[in-house]
Amino acid sequence: MDTRYLRAFVAVADHGGISAAAKELGYAQSSVSAQLKRLEADLGVTVLVRAGTGATLTEAGRRVLPHAREALELAERMRRAALGDRPRLRIGAQESLAHAWMPDVLAAYEYGAGGPGVVARAELTVGRRSHLDQAFAAREVDLVFQYDNGLRALGPHAVVGHDRTLLVASPFHPLARQESVTPGQLLGQEFMVVEPSCTSQMLVDRLGRDLLAGIRQTLITGSLAALLRLAGHGRGVTLLPELSVARELAAGELVALRLAEPIRPVSIIAQWHPRLGLAEQALHTLLDVARRADPLPQRPHPARAC
């Protein structure tokens, strides 16, 4: 099947209409429309419903879309193999991991820490869990690194590391002067979060629903850096993996509150797509490097996080 037809179909699905897809691809609208008609003729089904304001996928189109993405990626890998190029490995990572740990893992991988073998050209995408989940489902990334949120991953996955989860605040925050902070002392405090459902669930699991009902949550959408700066200025407290606040803790800009019962460690999970061709060997080499960079080699009973 002609990859031009698949590329036109994926572009329309991603951009919501033929006009936007044509602009993205650098084609005339009539050319994109013709490619879509040829795709539908080859498949024997209608994949798009065209309207004045755009185009939407039919049920058949929704079934075809992930296979179209996979076929385009396979074609790209074939091209690279034919030219002798390094395979491409598209990696996604939560911002809290990309803030400190992921760059060190990638640097070690690029310098050959995994031993002899294929070293892929790594491309890193950083984002929130919801964004990475969408990108992974759409096959826009081959491999994702995230903190374990307790949900069962579908497909190949593995635990590659562990981290502590800390409740942190400004050194000038009233709770920072306490020898030990109890759940009751957290009532009425302002909690700053980047992804509310994840942090809220951790608070429920660790400190109980009564606490969750009594706290105030402030959402800092999509910016870990902004959250850390606000916390450092005394805005409130925040619950984060230690990797994401290590620099601020070392600099004295934030302090870890001394909870009466510390929160248990959390796992770092890698999830990947199968059948990556030449990138498959590179992927497993990267996973080995990530395991050796485990921030907490001793990890009793990990908890969930996001």
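Here is a walk through some of the salt bridges in this predicted model. Residues are numbered from 1 along each chain as its sequence is written, and side-chain values use heavy atoms, with hydrogens and water left out. Because the model is predicted, local features need pLDDT of at least 70 and side-chain atom pairs count only at pLDDT 80 or more, while totals for chains, interfaces and linings use all residues.

Searching the whole structure turns up 14 salt bridges, each being a side-chain nitrogen of Lys or Arg within 4 Å of a carboxyl oxygen of Asp or Glu.

Let's start at Arg 69, whose side chain meets that of Asp 14 in a salt bridge at 2.6 Å, N to O. This pair links distant parts of the chain: Arg 69 sits in helix α4 (residues 59-83) and Asp 14 in helix α1 (residues 3-15), 55 residues apart. Helices here are DSSP runs (H or I, at least four residues), and strands (E) need at least two, both numbered from the N terminus.

Arg 69 also bridges to Glu 140, with the closest N and O atoms 3.9 Å apart. Glu 140 lies in the loop between α7 (129-137) and β5 (143-147), so this pair ties together parts that are 71 residues apart in sequence. Put together, Asp 14, Arg 69 and Glu 140 form a network of salt bridges.

How accessible are these residues?

Elsewhere in helix α4, Arg 62 and Glu 59 are 3 residues apart, about one helical turn. They form a salt bridge with closest N and O atoms 2.8 Å apart.
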